[in-house]
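Here is a quick tour for anyone meeting this protein for the first time. Take a look at the structure, then read on.

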Amino acid sequence: HRDLHSFPTRRSSDLIKKSVVAVDPAQNKVTFAGGDVFPYDFLVLTPGLQLNWSKVEGLSQKTLGEGNVHCIYDFEGAQKTWPAIQAFVQAGGRGLFTDTHTKLKCGGAPKKICLLTEHLARKVGRRDHVKIDYFSAAKELYDVPHFTPRLEEIYKERNISVSLHNRVKGVDTAAKKVHFNRVEKITKEQADPQTGKVVKVEETVTTSFTEDYDFLHLVPPQSAPDFVRQAGLGWTEGKLAAEAWAMADKETLVHLGYPNIICLGDVAGLPTSKTSAAIRMQVPVAAQNLIALLEGKAPQARYNGYAACPIITDYGHVLLCEFDYNKKAQSSFPFSLLDTSKELWPAWLLKVHVLKPLYFYGMLPGYC
């Protein structure tokens, strides 16, 4: 609010229920749908992320459900997914579950829906009638060493095949076929043209293949909203540049190009997972550092990359993955007293009975 500095003892806020269409960080202005332009002294950038359905050929948000293609990342799509899973389990066939090659919100969600489908098939006595395969775009099933071994064991124990390095290119809903690109980095040895010495060179190799399915759950590629890219607020180099994630300092959350902008939430280009647990830890850091900037001081609060991903492994157990920027386990009390490298029943109680009210009645009003 432009009048923040005019009221040292009383600061006012206005809620504007309109979508942002543009940000001009050089002029300190935000443009809303309809054309209204508002100036700012400081900006807190938290627009979430964007689901890019058009990046998958043959798919759109409106056609979810056609050809038995589903996605729980969409509100209406999630409502269609549950009855479709029940019908698939009863009918039998092959179920394909995929993730995406970009950073994504709740990276464990594609794994959860896969494991829950498998457990449902066992519960209703239909496991022998379904084949379940998981195709991941990542180079490993999970990238936090403390939890990866057990998660891999679970997939093996439940006879769910895992195929890595696979990006969904497109879907033929009429034929029930999904087209993949397998993108792998390989290291080759070759002679340096100048010195003649043998050196190791890394190159990317892409191959294409197609798989049949009876039920398909996929996740669209995700990125920062278009206006973030257009405003030049995203990373311009490195792994976070392609999707234009906001160029924030990973500890202070202050934008590296515009020090009057604080970035947090899914839009922030941070080397950690995009989860509500991460945001819960980012909010107090962002608030403290914003106050410091308002007072003309250097930001002192630090975020250590904490994120949590409660991976539901079946109806009754959760692999509670908590970790920091260094991918080291960082369990919260009382789970620090338990072996979190294995799935836990108390973590299921947390997921089912605690996290929802914590989010709606704690996080959103700002009580935690």
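## Ground rules and cavities

A cavity, on a 1 Å grid over the protein atoms alone, is a set of points where a 1.4 Å probe fits but cannot get out, and lining residues have an atom within 4 Å of a point. A volume is the space filled by probe spheres set on the points, with grid points joined across faces, edges and corners. This is a predicted model, where local features need pLDDT of at least 70, side-chain atom pairs count only at pLDDT 80 or more, and totals for chains, interfaces and linings use all residues. Residues are numbered from 1 along each chain as its sequence is written, and side-chain values use heavy atoms, with hydrogens and water left out.

There are two cavities of 30 Å³ or more. The largest cavity holds about 60 Å³ of space, and its lining includes Gly-265, Asp-266, Lys-274 and Gln-282. Sorted by class (Ala, Val, Leu, Ile, Met, Phe, Trp, Tyr, Cys and Pro are nonpolar, Asp, Glu, Lys and Arg charged, and the others, Gly among them, polar), that lining has four nonpolar, five polar and two charged residues. The second largest cavity holds about 30 Å³. Val-56, Asp-99, Thr-100, His-101, Val-168, Val-219 and Pro-221 make up its lining.

A pocket is an open set of grid points with protein on both sides within 12 Å along at least five of seven lines. The second largest pocket has about 1400 Å³ of space. Among its 35 lining residues, His-101, Lys-103, Ala-138, Lys-139 and Asp-143 sit closest to the centre. His-101 also turns up in the lining of the second largest cavity.

Strand 11 (residues 177-191) gives the most to it, with three residues.

## Sheets and a hairpin

Strands (E, at least two residues) and helices (H or I, at least four) are DSSP runs numbered from the N terminus, and two strands pair if DSSP finds at least two bridges between them. Five strands make an open, parallel sheet in the order 6-13-7-8-9, with strand 6 (69-70) and strand 9 (161-163) at the edges. Inside that sheet, strand 7 (residues 93-98) and strand 8 (residues 130-135) share six bridges, and Gly-95 has Ile-132 as its bridge partner.

Another open sheet has three strands in the order 1-2-3, paired antiparallel. Strand 1 (20-24) and strand 3 (37-39) each have a single partner strand, so one side of each is left without a neighbour in the sheet. Elsewhere, strand 10 (residues 166-172) runs antiparallel to strand 11, joined by six bridges. Their hairpin has four residues between the strands, and Lys-176 takes a positive phi near 55° there.

## How the helices pack

Which strands does helix 2 lie across? They are strand 7, strand 8 and strand 13 (215-217), and helix 2 runs at about 170° to strand 8. Axes here are lines fitted to C-alpha atoms, for helices over the stretch in contact, and angles run from 0 to 180 degrees between N-to-C directions.

Helix 2 (residues 109-123) also packs against helix 3 (residues 148-157) at about 35°, with axes 11 Å apart. Contact means heavy atoms within 4.5 Å. Lys-111, Cys-114 and Leu-115 of helix 2 meet Leu-151, Ile-154 and Tyr-155 of helix 3, giving five nonpolar, no polar and one charged residues.
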